[in-house]
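Dear colleague,

Please find below the structure that I am handing over to you. My notes on what was found in it follow directly after.

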Amino acid sequence: MKSRPSATVETDLTMWSASAALKSGGVTAEPYREVDTATCAWRDARLKLAKVGLRPTRQRVLLGWLLFSRGKRHVTAEMLFEEAMNAGMPVSLATVYNVLNRFTAAGLLQQIGVDGSKTYFDTNTADHHHLFVEEQRSLMDIPSVNVDLHELPPALSGYEVARIELVVRLKRKN
């Protein structure tokens with residue numbers, strides 16, 4: 001049996017949407033107007049969570065909405081936390097990390113380690129590679145068809161290659 005989000009989650013989303021829109025100057029109507037959550041981006045976020053078996057908690061739905069409503073992109077936990085704060089979403093950085101890790105484990109995100117201190121989360125889970133511009137600390141997709149890898153080392157006995165990730169680091173010429 002599929003779980004449905006409670007009326008409380010939908011009410012919270014409705015109240016958040018109106019109050020956040022008011023803060024950003026996007027609405028002049030009453031702050032707690034009714035929003036049809038059955039046909040909005042939150043429904044898409046809830047469906048995405050349900051499809052992979054994740055319970056649609058308020059934080060997961062709100063962060064999922066921020067992540068997936070803008071198409072394919074790369075974010076760090078700190079970037080998503082800042083977006084949530086700017087949107088008036090009450091969430092801790094620890095919650096953002098937990099949600100990103102849950103989304104990754106469920107297959108909704110791909111985790112990319114650029115260096116030992118930064119991890120990016122990619123909403124594009126198809127096979128592809130990345131360019132990393134060091135000065136801007138930005139990550140960009142490279143379609144796998146544009147990369148030609150030859151003579152890979154063989155997998156260890158009893159193992160198979162699950163995925164190949166290539167990150168090409170770029171810096172400005174002197």
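E83 has its place in helix α4, which covers residues 77-86. Please keep in mind throughout that this is a predicted model. The relative accessibility of E83 is 17%, and because buried means under 20%, E83 counts as buried. If its neighbours within four places in sequence are left aside, E83 is in contact with L66, R70, R73 and V75.

The side chain of E83 meets that of R73 in a salt bridge, with 2.8 Å from N to O. E83 belongs to helix α4, whereas R73 lies in the loop between α3 (58-68) and β1, so the pair ties together parts that are 10 residues apart in sequence. Both partners, E83 and R73, are buried.

**The other salt bridges**

In general, side chains of opposite charge can pair when their charged atoms come close. How many salt bridges are there by the rule applied here? The count comes to 5.

Another of them brings together the side chains of E134 and R169, again described by its N to O distance, 2.8 Å. E134 sits in the loop between β4 and β5, and R169 in strand β6 (residues 167-170), so this pair ties together parts that are 35 residues apart in sequence. E134 has a relative accessible area of 30% and is partly exposed. R169, at 38% relative accessibility, also counts as partly exposed.

The side chains of E135 and R172 meet in a salt bridge as well, at 3.6 Å from N to O. This pair links distant parts of the chain, with E135 in the loop between β4 and β5 and R172 in the segment after β6, 37 residues apart. R172 is exposed, and its relative accessible area is 59%. Elsewhere, salt bridges that share partners join R70, R73 and E83 into one network.

**The chain as a whole**

The protein chain contains 5 helices and 6 strands. Along the sequence they follow the pattern α-α-α-β-α-α-β-β-β-β-β. The chain has 174 residues, of which 35% count as buried. Among the contacts with a separation of 6 or more, 45% are between residues 24 or more positions apart. The protein chain exposes about 11,200 Å², and carbon and sulfur atoms supply 52% of that area.

**The sheet**

Strands of a sheet pair through backbone hydrogen bonds, either parallel or antiparallel. In what order do the 3 strands of the open sheet stand? The order is β1-β3-β2, and the pairing is antiparallel. The edge strands are β1 (74-75) and β2 (110-115), each of which pairs on one side only.

Strand β1 is joined to strand β3 (residues 118-122) by 2 bridges, and these two strands run antiparallel. H74 has D122 in β3 as its bridge partner. Strands β2 and β3 form a hairpin, with 2 residues between them.

**Aromatic rings**

A pair of aromatic rings is described by the distance of the centres and the angle of the planes. A search of the whole structure finds 2 aromatic pairs. In one of them, the ring centres of Y120 and F132 are 6.1 Å apart and the planes stand at 65°, so the pair is edge-to-face. Y120 lies in strand β3 and F132 in strand β4 (residues 128-133), so the pair ties together parts that are 12 residues apart in sequence. Are these two residues buried or exposed? Y120 is buried, with a relative accessible area of 4%, and F132 is buried too, with a relative accessible area of 0%.

**A residue with positive phi**

Lastly, I draw your attention to R137. Its phi is near 55°, a positive value in a residue other than glycine. R137 is found in the loop between β4 and β5 (138-143). At 34% relative accessibility, R137 counts as partly exposed.

With kind regards

Notes. Residues are numbered from 1 along each chain as its sequence is written. This is a predicted model: local features need pLDDT of at least 70, side-chain atom pairs count only at pLDDT 80 or more; totals for chains, interfaces and linings use all residues. Side-chain values use heavy atoms; hydrogens and water are left out. Helices (H or I, at least four residues) and strands (E, at least two) are DSSP runs, numbered from the N terminus. Buried means under 20% relative accessible area, exposed over 50%, partly exposed in between (1.4 Å probe, protein chains only). Contact means heavy atoms within 4.5 Å. Two strands pair if DSSP finds at least two bridges between them. Rings of Phe, Tyr and Trp (its six-membered ring) pair if their centres lie within 6.5 Å; planes under 30 degrees apart count as stacked, over 60 as edge-to-face and the rest as tilted. Accessible areas come from the Shrake-Rupley method with a 1.4 Å probe; for residues, only the protein chains shown count as cover. A salt bridge is a side-chain nitrogen of Lys or Arg within 4 Å of a carboxyl oxygen of Asp or Glu.
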